[in-house]
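Dear colleague,

I am handing over the structure below, together with some notes on what turned up when I went through it. Please read the notes with the model open beside you.

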Amino acid sequence: MISRATDERFMRAALKEAALGDFPFGALIAQDGETIATGRNLGETNDDPTAHAEMVALRGVIAAYGAARLRDSTLYATGEPCPMCMGAIIWCGVGRLVYAASIEQLAQRIGQIETPCRDLARRASFTEICIEGGLLADEAMALFD
């Protein structure tokens, strides 16, 4: 089991990534206590609307290690993943997702597809993922100020 202190350490690193992105979203993928990839929103930089922080981090792991390395990893996201990102997280076999700000919180500040990631996970009967939300949500929301 991963401690709250460890989760906070990884989420704070994801928050640092978010501060560097085109839009304030960051992600980090960890496995066995180590960071294996980070990502930040690069939609404008790459002229790619799919370059969300989670997608950038997932692609980083796949490029460096192959998709199998994502199994049983933990993905930390500063915002609850959108349906596109959550679909990719599910298809990649990520074992655990920890996010900061919820879709509901984010929708009060920016446009969102208001589908909670848990709804998508429940519909993926072929796999299981542990989802925990709200970790350092206030710090994530402060990035939008």
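Does Arg40 count as buried, partly exposed or exposed, and what is its relative accessibility? Before the answer, please keep in mind that this is a predicted model. Arg40 counts as partly exposed, because its relative accessibility is 26%, a value that falls between the limits of 20% for buried and 50% for exposed.

Salt bridges

The partner of Arg40 is Glu17, and in the salt bridge that these two form the closest N and O atoms are 2.9 Å apart. Glu17, for its part, is buried, with a relative accessible area of 15%.

In total there are 8 salt bridges, and a second one joins the side chains of Asp48 and Arg59, at 3.7 Å from N to O. Asp48 sits in the loop between S2 and helix H2 (53-65), while Arg59 is part of helix H2, so this pair ties together parts that are 11 residues apart in sequence. Arg59 is partly exposed, at 38% relative accessibility.

Asp119 and Arg122 also meet through their side chains, at 2.6 Å from N to O, and both of them lie in helix H5 (residues 117-122), 3 residues or about one turn of the helix apart. Asp119 is partly exposed, with a relative accessible area of 30%, whereas Arg122 is exposed, at 61%. Finally, a network of salt bridges links Asp7, Arg96 and Glu132.

Nonpolar core

The largest nonpolar core holds 45 residues, and those that touch the most other members are Met11, Leu58, Leu75, Met86 and Leu97. Helix H3 (residues 83-92) supplies the largest share of this core, namely 6 residues. Once neighbours within four places in sequence are left aside, the contacts of Leu97 include Leu75, Pro81, Met86 and Ile89, as well as Cys117, Ile129 and Glu132. As a general background, nonpolar side chains tend to be buried together in soluble globular proteins.

Pocket

The largest pocket has a volume of about 200 Å³. Its lining consists of 14 residues, among which Phe25, Asn41, His52, Cys82 and Gln112 lie nearest the centre, and by type the lining divides into 7 nonpolar, 5 polar and 2 charged residues.

With best regards

Technical notes:
Residues numbered from 1 in each chain as written. Predicted model: local features only at pLDDT ≥ 70, side-chain atom pairs only at ≥ 80, totals over all residues. Heavy atoms only, no water. 1 Å grid on protein atoms, 1.4 Å probe; cavity = no way out; pocket = protein on both sides within 12 Å on 5 of 7 lines; lining within 4 Å. Points joined across faces, edges and corners; volume = space filled by probe spheres on them. Nonpolar A, V, L, I, M, F, W, Y, C, P; charged D, E, K, R; others polar. Core = buried A, V, L, I, M, F, W, Y, C linked by side-chain atoms within 4.5 Å. Buried < 20%, exposed > 50% of the residue type's maximum accessible area, 1.4 Å probe, protein only. Helix = DSSP H or I, 4+ residues; strand = E, 2+ residues; numbered from the N terminus. Contact = heavy atoms within 4.5 Å. Salt bridge = Lys/Arg side-chain N within 4 Å of Asp/Glu carboxyl O.
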